[in-house]
Amino acid sequence: MRSVALRAVVLCASLLVIVVHAAGAAKRPMVEQDLYRFVWVADPQISPDGTRVAFVRVTVDSAGDEYRTSLWLADAAGGTAPRPLTAGGRDGQPRWSPDGGTLAFVRATGDQPAQIHLLPMTGGEPTQLTRLKGGASSPAWSPDGKRIAFSSRTNPVLDDDTTRAKPKKEPGRVITRPVFRVNNAGYIDPEHPSHVWVVEAAGGKPRQLTTGKFIEGGVEWSRTGAWVCFTSDRRKDPWFGGDDENLYAVSPDLPRPAEGTGFHTRVDYDGGIGDWAEAADGRIAFVGGINPPEAHSYDQNDLMLTGASGTPVRSLTSDYDFDVAAGISADQHPPRGGGERPLAFSIDGRSLFTTVAKRGSAMLARVDAASGAVEELTPANREVIAGTCTAGVRRWALTVGDATTPGDLFLFDAGTRELKKLYGPNDALLESVTLATIEEIEYPSFDGRSIQAWVMKPPGFTAARKYPLVLSIHGGPHAAYGAAFFHEFQVLANAGYVVLYPNPRGSTTYGQDFGNIIQYRYPGDDYKDLMAGVDEVVKRGYIDPKRMAVCGGSGGGLLTNWAITQTPRFAAAITDRCVSEWVSFYYSADFALFRPTWFKKPPFEDTQESITRSPVTYASRITTPLMIIHSEDDWRTPIGQGEAMFRALKQQKKTAVMVRFPGENHELSRSGTPSRRVQRLQHYHKWFDKWLMAKPIKDYDE
Amino acid sequence: MNDPGVVSEAPVADETSSRPAAATGAALRPVRDDDLLRLTWVADPRMSPDGTRVAFTRVWVDAAADEYRTALSLAEGGDGAGAASVRPLTFGPRDSQPRWSPDGRFIAFVRSTGGKEPAQLYVLPLSGGEATLVCTLAKGAAEPAWSPDGRRIAFLSGTNLVLDAPGVEKPKNEPGRVVTRPVFRENDEGFTDFDRMSQVWVVDAQGGAATPLTRGPFAAGAPAWSADGRRILFVSDRRDEPWFGLEASVLYGVSPDRDTPADTGDLEIVVDFGGPIGSFAEHADGRIAAFGYRTIEPHTYTQPRLLITEGATPRREVRDLAPGVDDEFGGGINSDQHPPRGGGAVPLAFEAGGETVCCAVARHGAATLARVEIASGAVTPLTPEERDLIAGTTSADGRHWALTLGSPSRPGDLYRLDARTGAITLLWAPNEAVFAELALGEVEEFWYPSFDGTKIQAWLVKPPGFDPARKYPLLLEIHGGPHTAYGFGFFHEFHHLAGAGYLVLYTNPRGSTTYGEGFARTIQYRFPGDDARDLMAGVDAVIQRGCVDPAKVGVTGGSGGGLLTNWLVTQTDRFAAAVTQRCVSDWASFFYSADFAMFVPFWFRKSPVEDPREYLERSPVAFADRITTPLMIIHSEEDWRTPIAQGEAMFRALKQQRKTAVMVRFPGESHELSRSGTPSRRVQNQRHIRGWFDRWIKGEPRPEYGV
């Protein structure tokens, strides 16, 4: 009965919206269902000559309740609207051939894995280049444009063995490794690790270049074209220690796949290797950092540099106490289609381009390859999400967002520093709605430490009134809010709430010490930072202190749980994909790096430390009505964490409701099924309306 | 397709003892894991009202489809009127719950046609002709019950006429589930849909529109008509907040003539004595016999009693018919070869005259049908001792019983019993052809004293061709519950392991049922603990015989037995290998995630929120640093009883220490994998258990386990 009625109400609401919109007079509030109207620009790829930008345009098919991705083309000169290149529903990863005549991309059809296709930019439909059982992805053109290296999970020995009939029902999975599944990716298939392959661009049978039980990734050609390079972690037992990857190379002409000892090692050091780039003289720059002697829960990424012949490695940016090759959080980064973080040597090899994340902004920056001096190139109070550059490393195609805009497509000239907008796919939508205003504030916490925060105010805000407040806490905990668009906050602000989102200690973009200071002390002082923010806003007089709520996801869910065990000040709370009990989280998370990064000892050696820091331990102190939102396929913070809060409160006959999302994982709020993202926002809206606005909402009655 | 019902088999003559497996001629082979695929089960035997025929559900495996099949069969004869014969009545693939019309001319049953289609109500004429569909409901029909005049059929359905009306659109992707109740899902059932609870319905047996008689967010149990046909009786727990308290339910009555469904206030309370009610039976004079007990104090176990009520309703008083008999009334014992589909009724009926009641009683690892004299409370067994009474029903006069009985050497066979003469006749033994090929190990029952002198009952399966002069590897098997019992039931797994050369020991440590209420209750607030010592005393007792290599001892168990397996490897290094199945390892997270919520004050004095210490002290994973035994963890991914995080904890704890562990995760399975899971996965389950022991006890290579 109840759900029928609910559906009817939702329907009426959307009709109403259409009517108001058609009247065209006033702007309407931004609502949950605006998610269906967003368009995202993913994976911008500028042509080698800088005249055109190919990108992935991501939309919602609300009837199919899924995302659609297709390739589009923008003229770098601007002036004309971008046009579609492909009509597929799941096309991605456009990559220009060195001469700009062809776009390689990947296309998935039906339930088959994606394959590499080639689209001639002189006209004509795409042709399919690979037909591999394990699919093909991450195409990389050889410098001469004759070959394409790529990644594939194909295992020819197993996949072509017709005697290995698929059983009618999936058999029991034998798990021998401590890390065996990954949130949003599912079970790791040890028989199908991703390997490096190469294929002639003119067509032909793809050749496998690497083999064995380890994964190889980050496939790129060496500048000369003599090598296909890739990164790989080839330790037998990598689960409980720091990152350790090497950069390897194999000849593209290998007659049969090489394994381990057959690789040429280009970079070998004690640390991880993210993106990398090669200078003309052979120096390699990469994103990483040497593992410190004592483990941290947070280590800033640095730009690392080798000599011309490869290792040894030095850190270029260790004196720059902000995050390199990093960004900030948003709930409207492209939910599909991905993108590359900018990284390139200048043509003369004297500097490097990368992104830096600093005090809630993400900027394109130039790093001096000798001194490591960092020069920020794009303006603060924005976020550079993804980007690529021309062969001349002068012009960049960038997606850039800010607090009131999901990412738009820009052209950036590193010479003139001109940032020119090429495509704003959400301009009309954003024009038609009322957007909340955002005030950046900074306040001293209990110990004098300065905390940056943002206050979002409802449209038509007047400081003379009293508003309900929602404190939103980010996860990570080593992540950062900042100058990025949050649909969730806009919906809440449009519903009449002031939204406060601070970066407490532990957040990134404020330096190594500010981030790592919470090691072994989480949750703790970060909670005090958050409450100091609440006090700061309350002090301004426009908040009704009896109508304050707290919410957050992941690590923010942990802090939400923690906050309501520490204070009765919140009238409602929503804990989303939370952690509540460290012991069972230690045992069930997809990753295994708790010790010694987060805890000094495992729980079976010292349970007390885990118990002392677990919110559920103090559930008897909770008085705040709590909504627990959790996805059933969340392998990062498995749903047992949310269940613990629910059962603990229900056992005490306290007010709690659980909203469980089937078929979703830890990414629900960022890239989940469209209808469920909208439902999630509606639950936020209704729970707060029930407890802060005293609206008669019956959905959560027993 | 392998439908054993089509092949007519000569029934074996009156013989209820465990038949020796030795057939003459061809060499016998050991039991294999995939022998499961060839077994046939007899489910839900239903004696015709006149006592001449037995309808039942035969269950078998369609190995190609990797599914169970169920269809109806009919057994006749064997009662002095001629030799027994069995023939199929329907051919499935999913027919079950046969119910005789009072005149014996029709059988109502439920049939599901498509793989995911709910079963609907059908009626099959026994005068010839195909079954006809009685009614079609969105959520199907279950548990049909004929009215005494044979005109109407009551049944259960979760159909919600408003929500399931045609034209109500379903969203493309399942929306988020709003959960407001602390207990919201159930192992093997899934999420509870409070808008679609099982309600009592009624329909004209000739067909037509079905009418719901009850409503509300409470489930009704199987309906039965009162003898006078004026009301339909059913058991239901209709408390608003039943989650954390004592168990209780009420026997309600509802008129079959209602035109609007009744909520709790409109129902007639027939029996409400402040405790749970299991099966019940009504005599023509209105007295009702039922299994149940009063709940006064929170115990982890209260032994069900045989109760009787009479007089005007609501009846608040009940009489315990046999207060001096410390056995489990309505109880049974464990087996991994009870029918995986098709179910069956716990025997309970008045005999003609109403001075006696016949019902199932479990004692010392055996389940029997027994007669209880209402006046004296005297209990007299009617079926042979040392058997596993699985299910049974009786004729209208309570004299002729259709029963399924198992033994340590056979899954359940179909029998008829004349309760007046005591004559028992085998009607169908569907697995004789399979067992004729098998060398079955001897199963020896014995008792041993535990550390404190407590007597413990146990069984030992010996490898075929056992030679007491040799040294054998030994496997200890531990049952779950913990309030259940091993006994004289058939275990495919144990015979398979014995066939692989292992001695297999299974015991009933304290906490087990069938040894009286005190024996079971003693583990409250102490689980695991002394039960583990009982188990080790059993291992020592077998080793003392001199036929065991003490360096080659393994341990395994499921659920509560998985908890004890985990516990044992933290307490001793005597085991060379262990397999923990669907285990509990960390009581606090189990408290938070189990499908049920009755931990406090039953299993623990306080919740982990109030006292985490008690939970830690009893959690095996808290002592994982002491483990040296290589451990295999088998767990099902959709186990809502002991969620898979329990197994993951043991795995991660051992892997973090770089100790030997492997995890086998079964997708699409629940806590019931070993008993009623998908056939192929049950075979794999046994293969993995054996594989791990073969690796660590026999030293055979098993590279698939990474060791």
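Q: Which residues of H8(B) are buried?
A: A residue is buried if 20 or more other C-beta atoms, placed from the backbone, lie within 10 Å of its own. Helices are DSSP runs of H or I, at least four residues, and strands are runs of E, at least two, numbered from the N terminus. In H8(B), twelve of twelve residues are buried, among them B:Met650, B:Phe651, B:Arg652 and B:Lys655. This is a predicted model: local features need pLDDT of at least 70, side-chain atom pairs count only at pLDDT 80 or more, and totals for chains, interfaces and linings use all residues. Residues are numbered from 1 along each chain as its sequence is written, with chains lettered from A and ligands numbered from 1 in the order written.

Q: What does H8(B) give to the side of chain B that touches chain A?
A: Contact means C-beta atoms, placed from the backbone, within 7 Å. By that rule, 59 residues of chain B meet 56 of chain A. H8(B) gives the most to chain B's side, seven residues.

Q: In which sense do S12 of chain A and S42(B) pair?
A: Strands pair if DSSP finds at least two bridges between them. Here strand S12 (residues 173-175) of chain A and S42(B) are antiparallel, over three bridges. A:Val174 stands opposite B:Val664.

Q: Which residues touch the most other members of the largest nonpolar core?
A: Such a core joins buried Ala, Val, Leu, Ile, Met, Phe, Trp, Tyr and Cys residues through C-beta atoms within 7 Å. The largest has 378 residues; A:Val228, A:Ala549, B:Leu474 and B:Leu505 touch the most other members. Helix H12 (residues 674-692) of chain A supplies the largest share, seven residues.

Terms used
Two residues are in contact if their C-beta atoms, placed from the backbone, lie within 7 Å.
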